[in-house]
Amino acid sequence: MAKAVILGRSSVPRSNEDLRIILSAVVGIMLGYLFGISFPTVNITKLHFPSSIISYIEDRNSGITTQTLLNHAWTSAASHKKNNSVSNLDEILKIYVPTNPKGAERLPPGIVVSETDLYLRILWGEPSEDLTSQPRYLVSFTVGYSQKANIDAAIKKFSENFTIMLFHYDGRTTEWDEFEWSKRAIHVSVRKQTKWWYAKRFLHPDIVARYDYIFIWDEDLGVNHFNAEAYIELVRKHGLEISQPGLEPDKGLTWEMTKRRGYSEVHKVTEERPGWCTDPHLPPCAAFVEIMATVFSRDAWRCVWHMIQNDLVHGWGLDFALRKCV
């Protein structure tokens, strides 16, 4: 009996101990859960593991290495970053104006300046002193210094309403400073090139867009009876897009169209020698201007500039194609 009583007394404390263990475990689980949900989720892609831990994990997980897990994590991170970058880029590219010039679609239209000019600017001084005049016309000559007397006489026929531009094929530029007008002229020096080479590269339509008319002339023209302002008046009056001054009939002519006729202000058709015109409505009997002293309107020059090929040298035959730009 004594043994039975002893066994009964020892079972009561043991049950209390088991209950405390169970209660402690439940409380621990609940506290752990509460602590866990109170912290933000840790992104595995932002963790940096020491090499010792990586080696340990690789040893314990023979089926898949930690490197594979990390590669996947970094791929996910890169994808997330890329998506964010694309989102930010979309925000930046909200400005897109298809009517802007090519390459400037991402700029606000108000700051786009697609054209420029050849006006000379002051380096210092008051803003009111800058651009005291804005010439409306441009005249260019392709010159060598040996023709200085003829060029001097020609340029004196043009008022200050003309921007003067000299293309120097002989490399001599400073010698022209003996002429007062040379100080306001624009000089471009490239050796051994022709005027159409210069025109293609330095008279882009967006550069000369401020000028109503562009004169592209040879250096050996006689201008004794020429008046630039009166010529512009005639061009405007008759709506001439591409034109040239008439040549004196006693100076030796190649084409009848270029001969000056004293009885008319302008002429657009002529009769050539037999066999020279296959069609009376086509050059050289009509729609013909010789390239020695050509004058272009702004719009006509934009077309002609695009027609001029980069390998064009002397321009022979160009005068037969100019009509396509009128």
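Colleague: Which residue lies over the face of Trp 305?

Modeller: The model is predicted. A charge counts as over a ring if NZ of Lys or CZ of Arg is within 6 Å of the ring centre and within 35 degrees of the ring normal. At 3.7 Å from the ring centre of Trp 305, the residue is Lys 200.

Colleague: How many of the 8 residues of helix H5 are buried?

Modeller: Helix H5 covers residues 195-202 and is largely enclosed by the rest of the structure. Its buried residues are Lys 195, Trp 196, Trp 197, Tyr 198, Ala 199 and Lys 200. They pack against strand E1 (137-143), E2, E4, strand E6 (293-297) and helix H7 (298-307). The count of buried residues in H5 is 6.

Colleague: Trp 197 and Tyr 198 form a ring pair; of which type, stacked or edge-to-face?

Modeller: Both residues, Trp 197 and Tyr 198, are buried. Their ring centres lie 5.4 Å apart. Planes over 60 degrees apart count as edge-to-face. The planes of Trp 197 and Tyr 198 stand at 90°, so the pair is edge-to-face.

Colleague: Is Thr 142 buried or exposed?

Modeller: Thr 142 sits in strand E1. Beyond its neighbours within four places in sequence, its contacts include Lys 195, Tyr 198 and Trp 217. Buried means under 20% relative accessible area. Thr 142 has 10% relative accessibility, so it counts as buried.

Colleague: How many aromatic pairs does the structure hold?

Modeller: Rings pair if their centres lie within 6.5 Å. One aromatic cluster is formed by Tyr 137, Phe 141, Phe 158, Phe 162, Tyr 213, Phe 215, Trp 217, Phe 226 and Tyr 231. For the structure, the number of aromatic pairs is 24.

Colleague: What type of pair do Phe 158 and Phe 226 make, and how many residues apart in sequence are the parts it ties together?

Modeller: The ring centres of Phe 158 and Phe 226 are 5.8 Å apart with planes at 50°, so the pair is tilted. Phe 158 and Phe 226 are both buried. Phe 158 is in the loop between helix H4 (148-155) and strand E2 (162-168), and Phe 226 is in the loop between strand E4 (213-217) and helix H6 (228-238). The pair therefore ties together parts whose separation in sequence is 68 residues.

Colleague: Which element gives the largest share of the lining of the largest pocket?

Modeller: The largest pocket holds about 1,400 Å³ of space. It is lined by 48 residues, with Gln 244, Pro 245, Gly 246, Leu 247 and Thr 258 nearest its centre. Elements giving two or more residues to this lining are H6 and strand E5 (242-243). The largest share, 4 residues, comes from H6.

Colleague: Phi of Ala 287 has what value?

Modeller: Ala 287 is in the loop between E5 and E6. At 40% relative accessibility, Ala 287 is partly exposed. Its phi is positive, in a residue other than glycine, and is near 50°.

Colleague: What share of the 326 residues counts as buried?

Modeller: The secondary structure comes to 7 helices and 6 strands. The accessible surface is about 21,700 Å², with 57% belonging to carbon and sulfur atoms. Of the 326 residues, the buried share is 32%.

Definitions and conventions. Residues are numbered from 1 along each chain as its sequence is written. This is a predicted model: local features need pLDDT of at least 70, side-chain atom pairs count only at pLDDT 80 or more; totals for chains, interfaces and linings use all residues. Side-chain values use heavy atoms; hydrogens and water are left out. Rings of Phe, Tyr and Trp (its six-membered ring) pair if their centres lie within 6.5 Å; planes under 30 degrees apart count as stacked, over 60 as edge-to-face and the rest as tilted. Buried means under 20% relative accessible area, exposed over 50%, partly exposed in between (1.4 Å probe, protein chains only). Accessible areas come from the Shrake-Rupley method with a 1.4 Å probe; for residues, only the protein chains shown count as cover. On a 1 Å grid over the protein atoms alone, a cavity is a set of points where a 1.4 Å probe fits but cannot get out, and a pocket is an open set with protein on both sides within 12 Å along at least five of seven lines; lining residues have an atom within 4 Å of a point. Grid points are joined across faces, edges and corners, and a volume is the space filled by probe spheres set on the points. Contact means heavy atoms within 4.5 Å.
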